Amino acid sequence: MTRGALVATAAYVLLLGSSADDLRVSLRSTAAAYLSAIATIAPVAGRETTFDYYERLNQDLAMLDTDAPQGYTPAQWSQMTTGVASLDLSLATQLVDRSYRSMAEVRGFGEVFVHSSHDGTMQPVAVYVPRGYTPGRPTPLIVMLHGQPQSETQLLASSPMAPLADAAGAIVVAPWGRGYYDFRRSSSDVYDALHEAARAFSIDRRKQYLVGYSMGGFAVFEVAPIHADEWTAVMCIAGSLLGSDSERLLALMPRTPFYILTGSADESIPTRYPTSTAAFLSASGLDVSFYSQSGGTHRLASLMPILSQSWNDMLSGIVRAPPANLAHMALPSDAPMDALRP
């Protein structure tokens, strides 16, 4: 397949939709073209992660042939797998063709590359622009950090994201962060995504939020204090503040509202992790809202009632103080590394 044909195929998949069979054909041909060009792609995308994008295409093929796992309905799983495949196809196609999509052009879902202020490479960011977005009208911006193992495309293509963004009229951007655990070595990519979105769209600078899920829920407490004045509020979904980050957070973000979410039946990040975070922040005098979903698991879809409420509260500036009897537990020193499964 020529590069021109590759671009046309990916554009068809993204803009007009595609059957699973069409996606399989596109993924196979794009993977072959990407692999043949990988030596020239590596200096542009960064040698550490270039092969990862090829592997995504193969994983997407496997996911298309996998039955819906526990926690997903068949419709939710189909929506996510086709959405992820389409975004990953766009990512690979842009690198093969050396033709990068402008973030300002995205409507609905899109995958773009942002020039890294750290090393000059091109780093991927998944984007969702809600249906009601109007250029010139100040719009909330949510920067969302993915879990581990999870990509930015998998996070943004999951079923809750688009309805939440549409209902709030908020733009969502999700940086890849080079796959580094907890974004500690790629925090500049988070801020590059934030600043690129501010250039591309009419962003209300008074409504810029950092949200993290699972591993990303741990990472927000590391990333947010780097430039604390950039964030209106911070949300942690199924994550936790670690004891080693607590003093720095309190010193740099004493007036920032925090929104902490947990599922009572979370099998990956036990509910005591987020609960201890909410209790600590509240006892330290910070504005913190705490939400616990009875029976909620680690799947975002299982947290929809509290996710919708907390999302609306955050964008509206509403703070719901946690219960006075919230258990006070010591902050964890480490995340449960063997259980992180978004």
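Between which helix and which strand is the loop where R98 is found? The legends below begin with that loop. This is a predicted model, in which local features need pLDDT of at least 70, side-chain atom pairs count only at pLDDT 80 or more, and totals for chains, interfaces and linings use all residues. Residues are numbered from 1 along each chain as its sequence is written, and side-chain values use heavy atoms, leaving out hydrogens and water.

**View 1. R98 sits in the loop between α5 (74-97) and β1 (108-115).** Helices (H or I, at least four residues) and strands (E, at least two) are DSSP runs, numbered from the N terminus. R98 has a positive phi, near 55°, although it is not glycine. Most residues other than glycine have a negative phi. With a relative accessible area of 43%, R98 is partly exposed; buried means under 20%, exposed over 50%, and partly exposed in between (1.4 Å probe, protein chains only).

**View 2. R178 lies in the loop between β4 (171-175) and α8 (187-200).** Phi of R178 is also positive, near 60°. R178 is buried, at 10% relative accessible area.

**View 3. A cis peptide bond joins Q148 to P149.** Its omega is near 0°, and P149 is found in the loop between β3 (139-145) and α6 (152-156). Most peptide bonds are trans.

**View 4. Helix α10 (residues 243-252) has buried residues D245, S246 and L249.** Those buried residues fall within an arc of 120° (taken from the directions from the helix axis to the C-beta atoms), so they line one face of α10. S244, E247 and A251 are exposed on the other side. The buried residues pack against α9 (215-223), β7 (258-263) and α11 (272-283), where contact means heavy atoms within 4.5 Å.
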